[in-house]
Amino acid sequence: MENNATASAQPAPAHAPPWALATEHALGAGQWHGAWSTLLDAALPVPLSVQQQVLASLDAWDALPAQAPAAQRAALLHTALAAVRGAHHHTHSATLTATGRQARRVQGSGLVKRFRKGAFTLGPVDVQVAPGHILGLVGENGNGKTTLLRLLAADLAPDAGQIDWGATARDPYALRSQLAYIPQRPHPWGGRLMDHLQFAARSHGVVGEANRCLVELVIARLSLRPFRGHQWKQLSSGYKMRFELARALLTQPCVLLLDEPLANLDINAQQTLLSDLQSLARSPWRPMALVLSSQQLYEVEKVADAVLFLEHGHPRSVQERFAQMAGCAIEFETSWPEPILSAWLGQLPPHTHQVNGHTHIVSFQGDTSTADFLRAAVDAGLPLGYLRDITGSTRRLFVKD
Amino acid sequence: MRRLTTAWDQWFLMHSPLLWQLRLHWYLPLALLWCLLMFGGWIGWTAEPARWMGSPEGIAVAAWNRPEDTTRQAGGIIAWIIAFGLALWWLWRVRIHNRWREIAPAPRLGLWCEYLWGALFFALLLAPTLLLDAAYRDRIQRLWQGQDTAAQQQAAWHVRRWELLLAPDNAARLVEWTQAAQAMQAAEPSTAAAEIHDNDKCNENQRYREYDPGCATNALQSLHWLAQADTDAIAQQLAHYGAALGRWGYAPVRPGASAQDQAQQLVSAYQAALQSPLAQEWRNSKAQHARTAQPQDRARDARAAQSPRDGRDCDVAVSRDPRACFASDLARSPSQWRDNLHSALQQHLSPPPRLVQWAHPRYGMAQPGLVAHHLEGATPSQRAQERQRSSVLAAASGGFFAALALIAARLLSLRQIAALCGALTLAAPALTLLGVAGLANNIMLPLVPTTLLALAWVRIALLRRPWGGSTLLGLGLALSLAGSASVWDEAARALELPDGSWPELLTGAPAVAVSTALLVAALSPLWRRWRALPER
């Protein structure tokens with residue numbers, strides 16, 4: 001961490017809004033990315049002149065040499081922060097939230113979709129996502145995650161059940177223009193990336209300088225500024241997903257649906273994207289109902305408010321299943337050979353033991369805790385390469401009995 | 001420059017996202033530039049009369065390979081290639097920028113607006129291809145405005161004939177041609193003239209006949225004037241010829257020679273040809289042949305005279321020595337000499353002028369054949385005006401039909417386009433079968449597209465099922481177009497509109513184009529709804 005930044009950070013007033021406090025905190029800790037992210041989120045609903053000031057600060061930031069002192073960076077951030085805070089202070093919060101389309105609760109009840117080919121049937125499934133909430137869809141491949149997302153995106157018609165998007169479905173075209181669905185493999189973008197983003201914003205009523213500023217702020221928010229001049233084919237999978245996300249955000253959707261957004265992303269990119277998704281969904285000015293599917297169980301569990309586990313097209317109630325699983329569950333990897341490990345596990349309280357490749361999962365039936373297991377392992381000298389408490393994780397649902 | 005193009009792009013994006021997403025803010029100016037290049041640049045370059053009336057000295061000009069025609073044909077081919085290329089380029093770009101997957105907000109008649117803009121684009125793209133010929137003629141006619149082009153064209157034909165008749169190699173035949181012409185004129189002037197010039201160039205020219213019904217006599221007249229040494233009449237024709245050439249920078253090769261002098265020179269050349277050693281030699285041969293010919297020779301000559309190849313087995317141009325043709329020429333009967341005169345005047349290759357020489361500093365010696373041909377295009381006529389009107393209407397309507405490609409490109413995937421093409425291909429034999437079954441009448445035929453469109457409406461609006469929706473809509477639209485064309489055709493026939501009149505022309509392609517536009521407007525909301533259907 002940069003000490004200079006800590007020194008130059010000005011203490012936030014006690015009545016400062018949470019976003020400003022978060023920015024100040026990140027600034028004080030020298031977490032530039034975090035500070036900018038919060039600040040840019042707050043800059044999206046403010047008047048154009050303030051957005052232009054923020055963009056000017058961003059341009060100045062980009063022009064700084066790599067060895068620029070932290071105080072200089074902090075000063076730039078403070079300038080932008082002051083401008084945005086001033087705008088928020090002078091503008092009524094209702095005005096700020098009214099700048100975009102109002103987010104709505106998305107609710108699907110008794111959804112069923114049958115495919116004749118492959119004889120797969122999804123549902124019946126009940127789904128409910130409120131603005132500011134994230135629903136994670138988990139399940140093995142071919143269990144209906146994408147089908148459910150496409151139903152919610154009005155890309156598939158349910159064979160039974162109802163979906164309420166909170167918007168009138170009388171004009172299906174207008175409805176679809178309010179839903180943002182990002183498939184796992186998005187279609188390539190021809191031409192310039194900025195053109196696509198500006199067109200998306202323009203189609204949804206943002207014109208003139210406001211259009212340029214909004215697009216610049218959104219791509220800055222998603223750390224895409226260095227890639228403005230790139231071609232689609234020059235982007236990695238992660239940045240393609242981020243550009244898709246930027247375009248979706250510019251259309252101010254009622255609901256944002258993402259199919260496997262973490263696929264093909266490295267661990268750092270996954271963390272950044274998830275953190276961005278979380279803050280975007282929970283934005284105090286424009287909260288959004290967000291549904292994402294993923295195989296990355298632990299990552300989804302970190303950000304999702306609720307997780308829907310699909311098995312053979314049917315939802316499995318995580319709570320009910322966990323209630324049946326009384327004891328704790330531990331996932332670990334060790335170099336001990338199977339006979340020795342089995343002998344050692346035989347000395348432990350009653351449990352079930354599953355092996356998935358090199359990974360072992362032990363589910364205790366009694367009151368045994370993770371600490372008890374760990375203690376026994378240390379006593380026995382068990383060489384542990386990896387250990388995770390999955391007692392409260394949907395990972396347990398993937399374990400085949 | 002880049003800043004300018006970016007500003008232009010941004011301005012259109014903000015003011016008309018519809019045009020922007022169709023990339024028409026680039027392609028419409030390109031199409032306009034294309035029109036400007038063709039109608040301004042190309043027509044400006046080609047419509048220069050002096051260019052087409054001359055050729056380098058010593059080069060014979062063939063009737064089937066006139067530079068003016070060749071250039072116009074080349075211009076037409078280039079126009080088609082470029083228009084087709086531009087259309088494909090645009091289709092490729094618009095498919096790349098195809099935004100329909102995003103379901104960007106669009107009004108109910110948005111598709112119709114796209115269609116109308118597309119129609120404008122295609123009309124501009126097609127205009128040079130469909131109107132190039134009409135524009136060229138119009139330009140030429142304007143350039144020649146105030147000139148008696150019909151008389152000048154007639155004069156040019158006379159000059160061409162004099163040059164052909166007085167070619168040194170024709171001196172021997174000139175004797176016989178003069179006799180044949182005089183004999184015909186004496187026997188039955190009107191029949192002879194009509195017969196000899198049945199295929200004459202001036203007779204082929206409908207406009208020319210309208211202008212001068214007696215043009216059939218002109219070819220014979222050329223020879224008569226020479227034979228009668230009518231220098232006044234010849235001078236008058238030469239004055240017309242000179243006026244046409246002098247207007248565009250041509251000047252007589254022998255400066256200071258008046259039309260009267262040139263006429264005198266032509267008559268002298270004619271008389272000199274009749275008295276030339278070759279003509280004398282021919283007369284001697286003929287006299288000798290008359291004396292020595294046996295009855296069996298005469299019978300052979302008579303048979304040869306009836307042979308269709310008569311007179312064509314000896315070509316002076318091929319043999320180079322006219323004496324080599326004496327043997328076959330001696331076998332000709334008077335009627336065959338008349339035919340021979342006919343074919344001589346009709347020959348397609350025009351040798352460089354020898355007696356009436358006008359030259360241009362840049363374009364060389366004036367060729368009477370080329371001058372006559374060029375003046376033919378410069379002479380206004382009812383038929384040309386009808387053709388011109390028809391071209392303008394075709395260009396205006398062409399865009400409406402071609403813009404249907406825009407709908408296909410905007411809405412359908414390649415698989416759907418293939419399905420639509422397949423369905424259209426199958427529709428043709430299906431309609432034929434209806435005809436065979438006696439169901440292709442005015443009541444049953446419109447039922448087919450109406451049923452298809454009704455089915456599309458039921459599937460899309462009521463059942464909300466997209467499968468087949470695009471194909472049904474496309475097929476219904478295509479068959480409706482065929483139906484509307486048939487209805488308009490019948491209406492025009494029923495009204496008995498005069499050929500080539502505005503109402504008659506308007507009930508053709510323009511009426512069908514307007515029907516298309518109305519149909520697209522009516523189907524636009526349904527198509528928009530189809531775009532939003534799930535599982536499309």
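This is a predicted model: local features need pLDDT of at least 70, side-chain atom pairs count only at pLDDT 80 or more; totals for chains, interfaces and linings use all residues.
Chain A has 16 helices and 13 strands as its secondary structure. Of the 401 residues in chain A, 41% are buried. If you take the contacts in chain A between residues at least 6 apart in sequence, 73% of them join residues at least 24 apart.

Now confidence. Chain A has a mean pLDDT of 82, with 88% of its residues at 70 or more.

Next, the interface. Here 20 residues of chain A are in contact with 19 residues of chain B. On the chain A side, helices H8 (172-176), H9 (193-203) and H10 (208-221) each supply at least two of the residues that touch chain B. By class, that side of chain A has eight nonpolar, nine polar and three charged residues.

Over to chain B, and a helix pair. Helix H25, residues 469-495, and helix H27, residues 509-532, have axes that come within 10 Å and cross at roughly 160 degrees. Angles over 145 count as roughly antiparallel, so that is the description for H25(B) and H27(B). Their crossing is right-handed. The residues that meet include B:Leu473, B:Leu477, B:Leu481 and B:Trp488 from H25(B), and B:Leu519, B:Leu523, B:Trp527 and B:Trp530 from H27(B). Serines take part as well, among them B:Ser480 and B:Ser484 in H25(B) and B:Ser515 in H27(B). By class, this contact has 12 nonpolar and six polar residues, and no charged ones.

Last, a single residue. B:Tyr363 lies in the loop between strand E5 (358-360) and strand E6 (364-366) of chain B. Is B:Tyr363 buried or exposed? B:Tyr363 has 22 C-beta neighbours inside 10 Å, so it counts as buried; the cut-off is 20 or more. Leaving out neighbours within four places in sequence, B:Tyr363 is in contact with B:Ala50, B:Arg51 and B:Gly54. B:Gly54 is 309 residues away along the chain, yet the C-alpha atoms of B:Tyr363 and B:Gly54 are separated by 5.4 Å.

Key
Residues are numbered from 1 along each chain as its sequence is written. Chains are lettered from A and ligands numbered from 1 in the order in which they are written. Two residues are in contact if their C-beta atoms, placed from the backbone, lie within 7 Å. Helices (H or I, at least four residues) and strands (E, at least two) are DSSP runs, numbered from the N terminus. Ala, Val, Leu, Ile, Met, Phe, Trp, Tyr, Cys and Pro count as nonpolar, Asp, Glu, Lys and Arg as charged, and the others, Gly among them, as polar. pLDDT is the predictor's confidence in each residue, from 0 to 100. Axes are lines fitted to C-alpha atoms, for helices over the stretch in contact, and angles run from 0 to 180 degrees between N-to-C directions. Angles under 35 degrees count as roughly parallel, over 145 as roughly antiparallel, 65 to 115 as roughly perpendicular and the rest as oblique. A crossing is left-handed if the near helix is turned anticlockwise from the far one by less than a right angle, and right-handed if clockwise. A residue is buried if 20 or more other C-beta atoms lie within 10 Å of its own, exposed if 12 or fewer, and partly exposed in between; C-beta atoms are placed from the backbone.
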